[in-house]
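Trainee: May I ask for a close look at one part of this structure, namely how its pieces touch and pack against one another? I would be grateful for a single connected account.

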Amino acid sequence: MDTEPQFFETNATPGIVGQPLSRVDGWAKVTGQAKYSAEYNRLPGLVHAVLKTSDVAKGRVTGIDTSAAQRQPGVVAILTHQNLPKPVKVPDSQVNKGTLNSPMGFFPMMTDEVHYAGQPVAIVVADTLEHAQYAAALLKVTIAAEAPVSSYLDPKAQRYVPKNVKGTAGVTKRGDAQAAVAGAPVQLTATYHHATNHHNPMEPGATTAHWEAPDRLTVYDTTQGVSETQKTLALMLGLATEQVRVVTKYLGGGFGCKAWVWPHVVLAPLTAKAVGRPVKLVLSRQQQYTGMGHREEQEQTLRLGATKEGKLLGIVHEKTSTTSPWDDYAETNSRIINMLYALPAFESTYHLAKASVMTSTSTRAPGDMPGSFALECSMDDLAYQLGLDPIQIRLLNYAEKDPTNGHPWSSKSLKQCYAKGAELFGWSKRNPKNGQTRAGNTLVGWGMATASYPVHNSQGNARVRLYADGHAVVQAGATDLGTGTYTIITQVAADALGLPPENIRFELGDTILPSTQWSGGSTAAGRVSSSVYLAAQDVWEKLIKLAVRDRKSPLYGAKAADVVMEKGRLQLKAKPATGEAFSDIMKRASLGDVEGSAQGRYGSVYKEPSVVADADMNKEEKEAAAGYSMHAFGTHFCEVHVDPELGKVRVTRWVSVMSAGRILNPKTARSQVIGGAIFGMGSALMEQTVRDPHLARYTNADLANYHIPVNADIPDMRVEFVDEHDPHVNAMGVKGIGEISIVGVTAAIANAVFHATGRRLRSLPITPDKVLDAMRQPV
Amino acid sequence: MNDFSYTQAATAKEATALRKDTPTAAYIAGGTTLLDLMKAHLQEHPQLVDINLLPFKGIEQTKDGLRIGALETMSAVGEHPLVVQQFPAVSQSLLLAASPQLRNMASIGGNILQRTRCGYFRDAAFPCNKRVPGSGCPAQTGDNHNLAILGVSESCIANSYPGDFSVALAAFDAVLTLEKGKGKQRQVPLNDFYRLPGNTPHIETVLEPGELIVAITLPNAAHAQSSTYLKVRERSSYAYALASAAVGLDVQGGTIRAARVALGGVGAQPWRSREAERILTGAPATEATFRAAAAAALQGAQPREHNGYKVELAQNTLVRALQQVAA
């Protein structure tokens, strides 16, 4: 583009952006026309692959008896570490470390090694899924088992402080937090526990691999990022990037587990290569628990020092968690603890212990979700100890600028969120003392917590093709996780092109489309909407150029900069009557269509593109270069009823107020916040995956015994947004809302339980056994 | 799942004959529990004999009590006016279980025969004495958070029957009518139907090979009419009980004339507590009485590392249920 693109200002005449448009893909989904990655069934000669996984958590495969399986009807092949084609590169090869978009530092079935229960040890390929499943059940795999380590809690576990976890140093210090806490008039120390959680998307991991030629692979995969999967597969299979095509038209939930390339995604094309036919590989529900990561079990100790008035002086944070034998992975809880309040000194240390498990991975608001539990419960403790209202203690420590680097916020409306949430909830009627309200057999309590999530840097491309007949095709290789990307981008394109949304077709989820980064870290809405909006501007720029040079146009001779688009009409800014419809310009020029493209940027790279180019900069330096710290903020309020005899905690009222820049669609945004908060209620009250302490194998890897909330657990939920105008985050002024919606939820509930009972429960989930135990303790 | 053949039996005789010919065959009614077990490779049957055409239907008042055909569905029984009026606890035990879809499919005969949800049983990768006799019971020192504390053994601590319906049946003296080959029928009280694990946890009931559950008979009683089923679980629906109580009281002038108590979620089988009933019968309907009864009911509890809370939870559940009925 020649001219500087303009920030998307709300249209003078109301547009479709900001309207609660219903999902444009809703019809396709409810009628079964939406094609998910495991539904490409008409590929020529398609066969089904089923993984045979290890029963034990550690050992070596000593034998695989295939005889019974081999005799089953329909069996095409049985692959083991002895006959599976090997990838060209594996994630732990030093050459490619860091370039593969995979959390695995280990790839299974290369040798006889077994490092976790549920690790693939063989693959059965058959003509039908049922034949493959049954033959896999008949495979007899003998493994010389060794004693596994089940978690960091295992007495055999060896704890260590890693150099780095996920780009964050194992030990971080800002000021002298130890001294600040030790010298503080008010000191609090508490330890918080979190059970293992799983993402449990409705759609399991599934990969269909089709070698259309020896150098041409098409993969239909359940991924949050087709480009990342494409690059990783190309590297591991020894192909050029363009030789791999990855397609994900619809995704049945991701929540972070589909943000990475997992073993089955690579095993499917290797299997397809071995059998010379397209292969479909779908994880079973049980395999989903060991095949695509989880949120690690962990404990955090938070030591907090404050003045007598309640002003924070310092926080020392330590986290201990389980990682896999080959990775140093921990979600970075310290980020939110470091930045949420005006905190002069901070120190954090990560402790890890390697156990016989798959690597944990990003799970909805990784780090910020558990980090906020420790911080927001401790802030609640501080408020009670000093006799302050929980909102008051937060306002007292309100961060007017980013405490980690002193930068101003690009925008922050947290005070408005507190005020609006308090008003909607009726917080002013709160009894300041806990354990005071009874309703029948239950104790009633109110709690609140702060939410925040950063604006991560990302960028991506989009293309817009406007047809003379007033229709348009809009394209970006993004993914819709089921959250509404199809819908919001249709809205943005409609307004940017001055067309009704039904005239827009938005195509996504394919590497043949303009590449864009993954849908993760709440980046997709801001990045893709900006890319599309800018690509539409590119179209107008081309048409304006055409019009001002066209003698037959009423705009002939005008300066391009003086022409604007209004509802599909190009006209003089100063004299709107002078102008014409875009279709007239195109017809005279014999143009059937005009195409525009652009790169949209999200985060601090938006205003300062140079900062992303300098790969040597770390995150802090990039932020410094951009000059602003960028976060979404919000708050949750809730009421709980606790039955002190039966141990049951019930959430009875819920209010979330979020400020996240421009809200493109309040309906899909509200759904996102409801979904995230329910996810958090699950973590707070019921979700936990349990590994046997001796065998390191999950004992409840199914949806009957891993409890996610059902309708009966969820009250009526009020979700509101505080409007924000943020010209710094991206061209659309959008911040993501996918992750912030879960941050603070567990703390709000635990704080309400404390208010109800006078007992502080610091171990999640808060199940009846823990409530009964707490009720036995003195207040 | 293995390939299997499917035969629809028109009569009980035909069904039992088919089972006699193929002892490894299984009967299928609603299939909601059998198919799960087969998909998880926990049971394998080369043949399924569909019994849905058998005349084991109907909910009717007889001189012995309410007779319910074993092929009636959970939802039909749970919502039937005679059940709701005469045995509210039985109705509630059905309607608080599973999901509407499952309740519409599942037969009550099959419900009585559902198998444990113990994670070690449900995953063939684990040792399990119930599944593979002699292989061991890792639950003893492992994840026993929701396993049983009454009637358990060193071989097995599973809630062999994890559901709700049989708990209510245990409380209200249900009698099962069973049928073997050649139309031969016998009556077995529900409380004699299940077997404690001992060192043979793989033998779960007294049902003989090929035997069918024909009907359930519930004797009418004042204490059954004044009854309730209280279920405590980690989520509000679609979860098995951590603890539950089926109780019935006949209270006259503040004194308990008759009492029935059974507990779910805590026993190796549906746990009828005659100890609790003895304390309740003839005593005033007060919280003190209820507490004493609850203590007696849990007297023999043998908790493991993670299920000790169930002693208190089951007592509190029982007290609450008794309070609700007495109110």
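Mentor: Two residues are in contact if their C-beta atoms, placed from the backbone, lie within 7 Å. The model is a predicted one, in which local features need pLDDT of at least 70 and side-chain atom pairs count only at pLDDT 80 or more, while totals for chains, interfaces and linings use all residues. Residues are numbered from 1 along each chain as its sequence is written, and chains are lettered from A and ligands numbered from 1 in the order in which they are written.

The contact draws 30 residues from chain A and 26 residues from chain B. On the side of chain A that touches chain B, α3 (129-138) and α19 (768-776) each supply at least two residues; helices here are DSSP runs of H or I with at least four residues, and strands are runs of E with at least two, numbered from the N terminus. That side of chain A is made up of 13 nonpolar, eight polar and nine charged residues. Here Ala, Val, Leu, Ile, Met, Phe, Trp, Tyr, Cys and Pro count as nonpolar, Asp, Glu, Lys and Arg as charged, and the others, Gly among them, as polar.

Within chain A, helix α17 (residues 666-685) and helix α18 (residues 745-757) have axes that come within 8 Å and cross at roughly 55°. Axes are lines fitted to C-alpha atoms, for helices over the stretch in contact, and angles run from 0 to 180 degrees between N-to-C directions. Among the residues that meet are A:Ala677, A:Gly680 and A:Met681 of α17(A), and A:Val745, A:Thr746 and A:Ile749 of α18(A). The residues of this contact comprise seven nonpolar, three polar and no charged.

Strands β10 (residues 243-252) and β11 (residues 255-264) of chain B run antiparallel and are joined by nine bridges; B:Ser244, for example, has B:Gly264 in β11(B) as its bridge partner.

Note on methods:
Two strands pair if DSSP finds at least two bridges between them.
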